[in-house]
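Work through the exercises below with the sequence and the 3D structure at hand. Try each task before reading its solution.

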Amino acid sequence: MFQADKNYTRVWEFYIVGFPGLPSEYFHLVAWFFFFLYVTTIVGNLLLIIVFALEHSLQKPMYIIMVSLALSDIGFITVALPKLIARYWWNDGSLGFHTCLFQEHMIHYFGSLNSLILLTMALDRYVAISSLSLLRYSVVMTNQNMTGMILFCWVLAHIFPGISTINFTMMPFCGPNKIVHAFCDTMSLTPLVCGDPSQQFSSAYAAAMFILYVPLAFIIFSYICIIISILRMASGQGRMKTFSTCATQGCIISIYYIPRFFVYSTPYFPNLMMTPDKRIATTLFYSLFPPLINPFIYCLRTNEIKNIFRRWIQKQHENVKINITDK
């Protein structure tokens, strides 16, 4: 399947090129942009995790999903961005062979994990809607059951990326070592394999479509059920509030899933040809925008969390007043 000269010199180091068409005078500006994006995403998701840990009232199935999504987002952006920032800040884009494979595995792992977490979130909402009463939902979706489901997702997400990574370790890399991408992944590593990597790409493509779009099918089904339930609501204000929340979440889910299909499918559809710069920009958009916005979409629009922040701010104001009075 992979034929190469027996005397070939194996590549032991790769180099992250990033945007090949980006002029060097913009390197520092791009580095600052990604650094700001990284810090903002980390702070936003860490804030959610801290609030969940401190407030026992939030330790419910839905918030367990949100915290898991926040942890996954922190993991993904920590794997993806530091080397890209170093590439543009210090021109340090080199990665060892095994480091690159580790990054490739974790990039696809967190991508698969997010898809499974979104599936779990859709399942939670479906059970909540299909349950005849709050009591029935609370019996089915306990904290223990939800924690077990989330832990299962964290383990299951390793399977397909693990198979792809093991396959890469057995492939000959004997030619170019420049990765025309923002990070190591299947799309960027496959062209560097000596011989014909079409079977590897086809199997990776099939795995990606399965892990992404089987959950998406159920997510769409659950949202159809939600919309039907919204239309049955007696209160017009309740319909608008619920529809607004679902529409916002639907936009984030669309950003996460739809561009991935076009990026992964370009080798099979000639009309979908993309320049390297456009492909990298699209990949970074659907990879980095959801982790940045998720804490605001799923949490800051939630009344419980907003009330907690108001209570915390009010306590701080009261403490300041007490200190001023004591002085």
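**Exercise 1.** Find what share of the contacts with a separation of 6 or more joins residues 24 or more positions apart.

*Solution.* In this predicted model, such residues account for 80% of the contacts in the protein with a separation of 6 or more.

**Exercise 2.** List the helices and strands in their order along the sequence.

*Solution.* Step 1: the protein has eleven helices and three strands. Step 2: read along the sequence, they follow the pattern β-α-α-β-α-α-α-α-β-α-α-α-α-α.

**Exercise 3.** Describe the largest nonpolar core and state which element gives the most to it.

*Solution.* Step 1: this core has 75 residues, and F34, L81, Y257, Y264, L284 and L288 have the most contacts inside it. Step 2: the elements that give two or more residues to it include α1 (27–54), α2 (61–89), α9 (236–265) and α10 (276–300). Step 3: with 18 residues, α2 gives the most. Step 4: another core, of 15 residues, lies apart from this one; V11, L95, M171 and C184 are among its residues.

**Exercise 4.** Determine whether F269 is buried, partly exposed or exposed.

*Solution.* Step 1: F269 sits in the loop between α9 and α10. Step 2: its relative accessible area is 39%. Step 3: buried means under 20% and exposed means over 50%, so F269, at 39%, is partly exposed. Step 4: together with I258, F261, F262 and Y268, F269 makes a nonpolar surface patch of about 440 Å².

Technical notes. Residues numbered from 1 in each chain as written. Predicted model: local features only at pLDDT ≥ 70, side-chain atom pairs only at ≥ 80, totals over all residues. Heavy atoms only, no water. Core = buried A, V, L, I, M, F, W, Y, C linked by side-chain atoms within 4.5 Å. Buried < 20%, exposed > 50% of the residue type's maximum accessible area, 1.4 Å probe, protein only. Helix = DSSP H or I, 4+ residues; strand = E, 2+ residues; numbered from the N terminus. Patch = residues over 30% accessible without salt bridge, like charges linked within 9 Å, V, L, I, M, F, W, Y side chains within 5 Å. Areas by Shrake-Rupley, 256 points an atom, 1.4 Å probe, with all protein chains shown as cover. Salt bridge = Lys/Arg side-chain N within 4 Å of Asp/Glu carboxyl O. Contact = heavy atoms within 4.5 Å.
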